[in-house]
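Good morning, and thank you for coming. Please look at the structure that I am about to show, and keep it in view while I speak.

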Amino acid sequence: ALTALTGMTASVTYTGASISPDPTTARSYVSPVPFTVTAADGSTQDYTVTVTIAAASTAKEITAFTITSPVSASGTVNETE
């Protein structure tokens with residue numbers, strides 16, 4: 001299934017008085033989206049958010065394991081040794 005880049009909302013942590021546009025408003029991220037953060041003193045800083053869809057992993061690896069019975073044990077898999 002493809003991930004749609006429309007109707008998305010952002011979760012943004014910022015330091016400043018405000019951010020515009022409101023990142024919690026659903027919008028399209030098909031193209032880069034500019035945001036402006038305004039500080040308490042009125043100065044501004046512009047940022048551009050670009051969303052790309054990561055390719056699905058084709059990896060088929062066991063990287064760690066846990067055994068819970070009859071005794072508890074866990075480990076990691078190192079493919080080079």
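Is Ser-72 buried or exposed? Ser-72 is exposed, because its relative accessible area is 66%; here buried means under 20% relative accessible area, exposed over 50%, and partly exposed in between, with a 1.4 Å probe and protein chains only.

Before going further, a word on the source. This is a predicted model, in which local features need pLDDT of at least 70 and side-chain atom pairs count only at pLDDT 80 or more, while totals for chains, interfaces and linings use all residues. Residues are numbered from 1 along each chain as its sequence is written, and side-chain values use heavy atoms, with hydrogens and water left out.

Ser-72 sits in the loop between strand E4 (64–67) and strand E5 (73–76). Strands are DSSP runs of at least two residues, numbered from the N terminus. Between the C-alpha atoms of Ser-72 and Pro-32 there are 49 Å, and the two residues are 40 apart along the chain.

Let us turn to the sheet. Three strands form an open sheet in the order E1-E2-E3, with antiparallel pairing; two strands pair if DSSP finds at least two bridges between them. E1 (18–20) and E3 stand at the edges with a single partner strand each, so one side of each has no neighbour in the sheet. From one strand to the next, the twist averages 25 degrees, an angle between N-to-C directions on a scale from 0 to 180 degrees, with axes fitted to C-alpha atoms.

Three bridges join E1 to E2, and six join E2 to E3. Thr-38 stands opposite Thr-44 in E3, Val-37 has Gln-45 as its bridge partner there, and Val-33 faces Val-49. In the hairpin of E2 and E3, five residues lie between the strands, and Gly-42 takes a positive phi near 90 degrees.

Which face of E2 is covered? The covered face holds Val-33, Phe-35 and Val-37, whereas Pro-34, Thr-36 and Thr-38 form the uncovered one. In a regular strand the side chains alternate between the two faces of the sheet. E3 (residues 44–49), by contrast, is hardly covered: among its six residues, the count of buried ones is zero.

Finally, the largest nonpolar core consists of five residues: Ile-19, Tyr-29, Val-33, Phe-35 and Val-37. E2 (residues 33–38) gives the most to this core, with three residues. Such a core is a set of buried Ala, Val, Leu, Ile, Met, Phe, Trp, Tyr and Cys residues joined through side-chain atoms within 4.5 Å.

Notes. Helices (H or I, at least four residues) and strands (E, at least two) are DSSP runs, numbered from the N terminus.
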